[in-house]
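Hi everyone, thanks for coming.

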Amino acid sequence: MIYKIVHRSTYKYKYPVSVGNHVTCLKPRSSMHQKLVQMELDIQPPPAMSTERVDFFGNRLNFFTVQELHKELVVEARSEVVLREQHATLWPKPGPAWEEVARALPWDHSHAGLDAYQFAFESPRIRIRQEFAAYALESFTPLRPLPEALLDLTKRINRDFHFDSKVTNVRTPPEEVFRKRRGVCQDFAHVQIACLRSINLAARYVSGYLRTFQRPGQPRLIGADASHAWVSVYCPESGWLDVDPTNDVVPSDGHVTLAWGRDYGDVSPLHGLALGGGAHTLKVAVDMEPIGVG
Amino acid sequence: MSVDLDQTPLRYGATYDELSADGVNPREHWTHLMESLRAIGPEELSRRWNRAERRIRENGITYNIYSDPLGANRPWRIDLVPLLISPDEWRFIEQGIIQRAQLLNVILEDLYGLQELVTNGHFPAALLYANPAFLRPLVGVKVPPQSYLHMLAIDLARSPDGQWWVLADRTQAPAGSGYALENRTIVSDVLPDLFRTSNVLRLAPFFRAQREALIQLAGGGNPRIVLLTPGPHNETYFEHSYIARYLGFTLVEGADLTVRDRAVFLKTVDGLEKVDVILRRVDDSFCDPLELRSESLLGVPGLVDAVAAGNVKVANALGSGLIETAALMPFLPGLSRHLLDEELKLPSVATWWCGQTPALDWVLNHLDSVVVKPAFPTRGMEPVFGAEIPQAEKSKFAEQMRTRPYEYVAQEQIALSTAPVWENGHLIPRSVVLRTYVLNTGNGWIALPGGLTRVAESEGPIVSMQRGGHSKDAWVLWDGPVDTFSMLRPRSEPVELHRVAPAVPSSVADNVFWLGRYVERAENIARIVRSLIPRVRRADEAELGCLIRMHNCLESRHSKLPKVKKRQPTLRELEQELVSVVSNVKRPDSLAATLAEVSRVGGNVRERLSADMNYLISQLRDSIQVEHGNQFLEYPATLTRCLELLSAFSGMERENINRGSGWLFMSIGRRLERAIYLTRQLREVTTPLCEQDWSFLECLLEVADSSVSYRTRYFTTLQPLAVLDLLMADEMNPRSLDFQLRHLADLYRKLPRHMDDDLRAMQDAVARLGSFDLRTIEYPMPGSAAGEAHGFDGLSRLEKFLRELEYLLPSWSNNLSSRYFSHARTLPITVGQ
């Protein structure tokens with residue numbers, strides 16, 4: 001599938017901003033399943049400085065500084081991406097028992113192993129807690145193969161948690177989401193990661209998009225028209241397995257991956273600091289449109 | 001107090017006694033000191049020590065203690081007896097800490113670079129990944145070779161067998177070297193003969209090397225080096241300003257800096273100036289709210305990117321806090337063999353990192369003999385003494401450790417050695433920890449000879465500045481020649497002469513501007529109240545009106561007096577009001593509150609003021625405290641003392657400060673403030689005075705310190721117009737309005753980046769002021785009761801002019817602020833996180 005994605009963020013400030021330093025994480029990654037054809041970033045007012053850096057996780061960040069007085073900042077990222085299908089059918093069958101994966105992780109000094117291991121620890125927004133472990137262990141029963149247990153956990157989170165955009169914000173800790181059983185895709189991803197890390201598995205946070213237009217005969221998925229988030233879990237030999245707890249699906253050719261990190265904080269699409277400004281509002285519009293079959 | 005130093009009990013027991021091996025005779029390297037103290041005698045020592053303590057207070061040497069209910073700014077507590085270190089012992093320590101510094105530097109370089117130590121298993125991956133101080137944005141960011149650590153502190157303790165152990169490494173922004181320097185100054189002052197005859201290794205060469213190392217880090221030349229402080233509320237702020245002044249760096253807070261085009265700039269009154277090196281006292285993760293902790297208000301947004309672009313150097317490099325964890329300690333011997341091909345010379349205190357199963361098992365089996373601490377102190381867990389955990393809770397604690405074992409370290413407790421402390425005429429043994437410092441000169445490492453000796457508050461093993469302990473100087477007694485270099489007395493190096501000082505940071509200009517205003521404001525309040533007090537006690541009802549008029553000139557918004565329209569206040573009420581104007585700190589318009597502001601803004605720029613000026617500011621703060629008796633009657637004398645100090649301050653301002661931008665803003669502040677209240681006072685005369693209020697003129701002359709000038713011109717006849725002439729139009733009188741306005745215009749002409757509109761307005765005001773011919777103005781005379789009806793045109797025009805000026809003057813102050821200071825210390829808002 002070929003997609004054209006337009007992601008537009010608009011900040012409106014109460015008072016003029018004299019200097020704004022910002023970072024975007026809006027450039028889709030390239031991988032086995034995903035090819036970035038092109039991407040352009042349009043910033044208004046035009047920044048005095050704009051530079052790209054690859055972060056620790058391999059995401060492409062853009063740093064820019066707006067130095068002219070402004071009361072509105074518009075950042076529009078337009079990208080074109082080719083997606084190949086990646087179904088759960090490609091997952092290992094049945095795959096290793098989850099305890100084995102957890103036990104082996106600290107001893108795997110291969111590049112891939114070390115890269116995965118770092119996602120087994122607490123991160124700024126995600127704590128390891130007994131309550132998360134207990135919830136996870138209902139799916140991760142003794143010697144159950146990791147893929148199967150993972151799908152089960154995904155299904156349970158999808159079932160037990162209600163999508164509700166009114167109860168949480170970008171800073172709500174997973175503990176609170178877990179207690180309220182409500183939240184948005186970011187919260188579900190955080191909770192699932194917390195569950196997985198609490199039983200010593202490596203799980204990372206994936207930021208991306210979901211196709212806007214539903215396929216005939218299939219329900220429209222939640223999380224379109226905005227940026228989306230899901231979870232990826234490390235399973236040796238087969239690599240990273242993606243699951244989307246918000247929709248209880250395995251991402252296939254409808255999920256475009258922007259970036260991954262330990263939690264939302266590593267990959268927030270756009271953040272920054274403004275001198276002046278005062279109260280402000282943010283409006284985000286995302287449009288992901290299939291423009292052809294790749 | 002009878003004291004016999006010979007009979008001071010020297011304990012010998014379970015701890016190592018620095019002073020004596022057998023509990024009776026001092027060790028060899030202590031004998032000279034003990035003899036010398038004995039020769040001076042306890043009485044003389046006490047006298048000297050009292051002088052020193054006074055000096056500590058006067059110099060404003062403080063250490064803010066977070067938990068102190070009495071508030072910040074506790075005086076620094078130091079002990080008069082230095083810790084003595086013999087030459088051989090120092091050689092051993094020096095080698096050990098230098099080797100450790102080299103090792104830690106190489107480890108950091110690897111962990112932020114290729115991470116070979118992790119892939120080859122020399123450094124546990126979990127210890128890296130679980131550590132919140134591992135700053136991922138800094139991985140792969142190039143810094144000059146061998147430069148992660150510019151300076152580090154290593155805490156040492158001595159166990160009962162005399163062996164030195166490392167307790168902790170401070171690798172990101174080590175504190176205390178400035179206090180060590182200050183301790184040296186004080187102790188060598190108290191014991192000058194002993195210091196001179198002891199051949200003590202000097203500290204100054206270390207600081208010279210530090211300055212040179214930072215210049216070299218910048219790539220040479222005449223770089224702009226700033227010391228980044230979290231601000232006056234930080235516990236070691238005194239030291240930040242002390243070091244900045246000593247090394248000649250600009251003291252800045254995060255908001256003084258801004259990143260443009262991937263480079264760091266200092267906001268100055270001349271515009272933005274590029275910064276080459278940041279010596280930071282802000283912790284790693286707080287340094288850049290854009291890429292590190294977004295909630296930090298202490299850092300500079302975009303700093304990491306500027307570092308990555310190679311446009312600024314930070315010392316210590318961002319991310320250096322990674323290796324402060326005690327969990328690293330058990331791996332150092334192996335890392336030393338692997339990386340340096342050497343055995344580790346100085347052992348660390350026995351430490352187990354629970355992230356490895358054998359260590360965890362050992363710790364859980366020996367819980368009673370260890371203290372368990374968080375491996376990563378940002379988690380905020382207090383150390384737990386295993387032996388103190390009730391038996392019933394041990395398994396729960398063990399379970400908690402097993403959940404995330406890598407979050408814990410366990411350490412053996414060392415019985416700290418003791419050193420003698422001078423207390424109430426006795427020498428008493430107290431536990432000590434020696435904080436040593438190692439500097440990367442870019443061309444090898446050097447150690448600060450000695451360091452900061454921290455002393456336990458009372459008997460017992462806990463040594464902590466945060467908990468209110470105190471400190472000692474440490475003398476390395478040397479057996480070779482000693483370099484007596486002083487920072488202010490450079491050796492034979494050629495000096496490039498500079499006439500132009502680097503531009504003044506906007507925040508400094510802001511503070512000195514307000515210092516000028518507050519000092520002047522304090523003087524005005526003090527003068528008005530001093531002139532009122534004796535009159536209030538003497539006054540009859542008729543004179544009361546004139547006193548109220550004088551009080552009104554204070555424009556006091558927080559006055560407790562009833563509004564005149566309702567009823568005339570009583571003398572008693574006026575008396576209470578004046579007491580409150582002087583001493584009520586909670587009233588922003590009181591003298592006490594104004595002096596507190598003087599102290600606050602002065603404190604913000606203490607590194608820019610001479611020691612004498614800082615001293616005056618601290619004296620001013622305490623000058624109006626009346627402890628005993630009737631406050632009201634004490635006040636005239638107290639206020640006179642306060643005015644003396646204020647005069648001393650303005651004398652220094654005129655005679656001792658270089659006429660750079662800093663002085664310019666202070667003088668503008670003073671002139672503006674004086675013009676503001678003078679205009680207000682003059683308006684009291686141009687709103688015609690009725691007969692019984694004419695004594696107001698006498699008050700006014702007194703407040704303006706112009707009584708003598710008046711009397712020599714007019715003898716004793718008080719005439720409103722004559723007073724107006726002297727206080728408004730006389731350009732020779734430094735207290736006249738004309739004088740203020742002309743001077744303001746002169747000062748404005750010197751401002752960088754002119755303020756043309758306001759300058760023109762000032763010149764216009766001077767011209768208009770000159771256009772009033774007081775000889776042609778008629779003033780309503782006593783007896784001509786129908787005065788107002790007559791239309792005293794000249795007088796009302798003058799009144800109108802003064803009213804306009806009352807509006808203009810604060811607007812000039814505001815314009816100046818928004819032009820030069822507004823961007824100073826404005827904090828950015830976070831968007832999107």
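Predicted model: local features only at pLDDT ≥ 70, side-chain atom pairs only at ≥ 80, totals over all residues.

How many bridges join E12(A) to E22(B)? There are three, and the two strands run antiparallel.

Chain A puts in 32 residues and chain B puts in 31. On the side of chain A that touches chain B, several elements give two or more residues, among them strand E1 (2-27), helix H2 (111-117) and strand E13 (280-292). The largest share, six residues, comes from E12(A). Sorted by class, that side of chain A has 18 nonpolar residues, 12 polar ones and two charged ones.

Next, chain B by itself. Its secondary structure comes to 27 helices and 22 strands. Of its 833 residues, 46% are buried. If you take the contacts in chain B between residues at least 6 apart in sequence, 70% of them join residues at least 24 apart.

Let me finish with two helices of chain B, H14 (residues 506-538) and H20 (residues 661-686). Their axes come within 7 Å and cross at roughly 35°. Is the crossing left-handed or right-handed? For H14(B) and H20(B), it is right-handed. Residues making this contact include B:Phe513 and B:Trp514 from H14(B), and B:Phe665 and B:Tyr677 from H20(B). By class, the contact has 12 nonpolar, six polar and six charged residues.

Definitions and conventions: Residues numbered from 1 in each chain as written. Chains lettered and ligands numbered in written order. Contact = placed C-beta atoms within 7 Å. Helix = DSSP H or I, 4+ residues; strand = E, 2+ residues; numbered from the N terminus. Nonpolar A, V, L, I, M, F, W, Y, C, P; charged D, E, K, R; others polar. Pairing = 2+ DSSP bridges. Buried ≥ 20, exposed ≤ 12 C-beta atoms within 10 Å, placed from the backbone. Axes fitted to C-alpha atoms, helices over the stretch in contact; angles between N-to-C directions. Left-handed = near helix turned anticlockwise from the far one by under 90°.
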